Every structure is written in structure tokens, then in C-alpha cells.
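Q: Please take a close look at a single part of this model, the charged side chains and their pairing. Describe the part first, then set it in its surroundings.

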Amino acid sequence: MPDLDELMTYLPHKEPVAFVKKVLVSEEHNCRVSVSFETAPTLSMLSEAGAQASIFLLLTEEKAAANIPPRAMGMLLSVKSKWHQKSEKTVFEIESRYISNLENFFMVSFRVFDGESLIAEGQLSVVLQKEGDTL
């Protein structure tokens, strides 16, 4: 199992857009992180936080099969998200799950929680950098 504190070094984002504050779970096809914002977030901010959370999916077999290094950089291609209920809070947990991939093109879902309450959810697509390639 990876060191959860060390995993935070995988996040290339810096303040004020580094929304992920702590990795809670990092598994092959599932991860959960704690995020926080300076103000009540917009849906776009939650979507970006969902994209950041996806960095902590291990995807060991999928990356190896596509010749992608474990800490490959990626490029976000699309995000589709929706509110379930708006919140004025600034701290949430985001669960991210692997959906599928074709080579280095990955589909991931995310769900934003305030305790047990589902706040927002969405899907994103990202292209990860293959060994020796540039994005």
C-alpha cells in the first residue's frame, strides 16, 4: 500500500488551486481525498477538485499495458458534472473511480460528499503521457 502522505507529492497543483489537502484512500480503481476551498465552491471548482482526485488512482495494470509511467502527467480533455445540492461549506470528500481506458485515454467518475450527503458528481476524460512522449 502506498504512503498516503507521500502521494501528495504527485499533485502538481499549487495554491490557490491545489484543492486536495489529504489522500484518504488510494487503491487500484478507487480513491478518496479530502478537499478544501477558501470560499463555498462553484461546480467548476468541485469539478477541478474531482480531476485532481483522479491523480491518486493507482491503475497499475492499465498504465503498464499502455506504457505509462506510474507518475505520468496528464491533460484533462473534458468534464461533465452536475449539482445534487449546493452547499456553503468549504470542506468536502471526493471519491474517484476508474471507468475505462483505451491506451492512454482514461475515463473516471467522481462524487463529492459533505459527510453522507452527495453534493455533486461527474465524469472526466484525461490523456496520460506515455513513456518517452510529450503531451
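**Salt bridges and their setting**

A: Arg97 has a relative accessible area of 38% and is therefore partly exposed. The model is a predicted one. The side chain of Arg97 meets that of Glu95 in a salt bridge, with N and O 3.5 Å apart. Glu95 itself is buried, at a relative accessible area of 11%, which is under the 20% limit used for that class.

Glu95 has a second salt-bridge partner, Arg111, where the closest N and O atoms are 3.1 Å apart. Because Arg111 belongs to strand S5 and Glu95 to strand S4, this pair ties together parts that are 16 residues apart in sequence. Arg111 is partly exposed, with a relative accessible area of 33%. Strands S4 (residues 91-102) and S5 (residues 105-114) run antiparallel and pair over nine bridges.

A further salt bridge joins Glu93 and Arg32, whose closest N and O atoms are 2.6 Å apart. Here the link is between distant parts of the chain, with Glu93 in strand S4 and Arg32 in strand S2, 61 residues apart. Glu93 is partly exposed, at 30% relative accessibility. Taken together, Arg32, Glu93, Glu95, Arg97 and Arg111 are linked in a network of salt bridges. The structure holds seven salt bridges.

Glu93 also touches Ser34, a residue of strand S2. Ser34 is buried, with a relative accessible area of 18%. Other contacts of Ser34 include Phe19, Val20, Leu24, Val91 and Phe92.

The strands named so far belong to an open sheet of six with antiparallel pairing, in the order S1-S2-S4-S5-S6-S3. Strands S1 (20-26) and S3 (74-83) are at the edges with a single partner strand each, so one side of each has no neighbour in the sheet. On average, neighbouring strands of this sheet are turned by 25 degrees against each other, direction ignored.

Helix H2 (residues 43-53) lies across S1, S2, S3, S4, S5 and S6, and runs at about 130 degrees to S3. Its buried residues are Leu46, Ser47, Ala49, Gly50, Ala51, Gln52 and Ala53. The cover over these buried residues of H2 includes S1, S2, S3, S4, S5 and S6.

There is also a nonpolar surface patch: Met75, Leu77, Leu102 and Phe105 have about 390 Å² of accessible area together. Leu77, which lies in strand S3, counts as partly exposed at 45% relative accessibility.

Technical notes
Residues are numbered from 1 along each chain as its sequence is written. This is a predicted model: local features need pLDDT of at least 70, side-chain atom pairs count only at pLDDT 80 or more; totals for chains, interfaces and linings use all residues. Side-chain values use heavy atoms; hydrogens and water are left out. Two strands pair if DSSP finds at least two bridges between them. Helices (H or I, at least four residues) and strands (E, at least two) are DSSP runs, numbered from the N terminus. Axes are lines fitted to C-alpha atoms, for helices over the stretch in contact, and angles run from 0 to 180 degrees between N-to-C directions. Contact means heavy atoms within 4.5 Å. Patches are made of residues with over 30% relative accessible area and no salt bridge: like charges are joined within 9 Å, nonpolar side chains (Val, Leu, Ile, Met, Phe, Trp, Tyr) within 5 Å. Accessible areas come from the Shrake-Rupley method with a 1.4 Å probe; for residues, only the protein chains shown count as cover. A salt bridge is a side-chain nitrogen of Lys or Arg within 4 Å of a carboxyl oxygen of Asp or Glu. Buried means under 20% relative accessible area, exposed over 50%, partly exposed in between (1.4 Å probe, protein chains only). Lists of a residue's contacts leave out its neighbours within four places in sequence.
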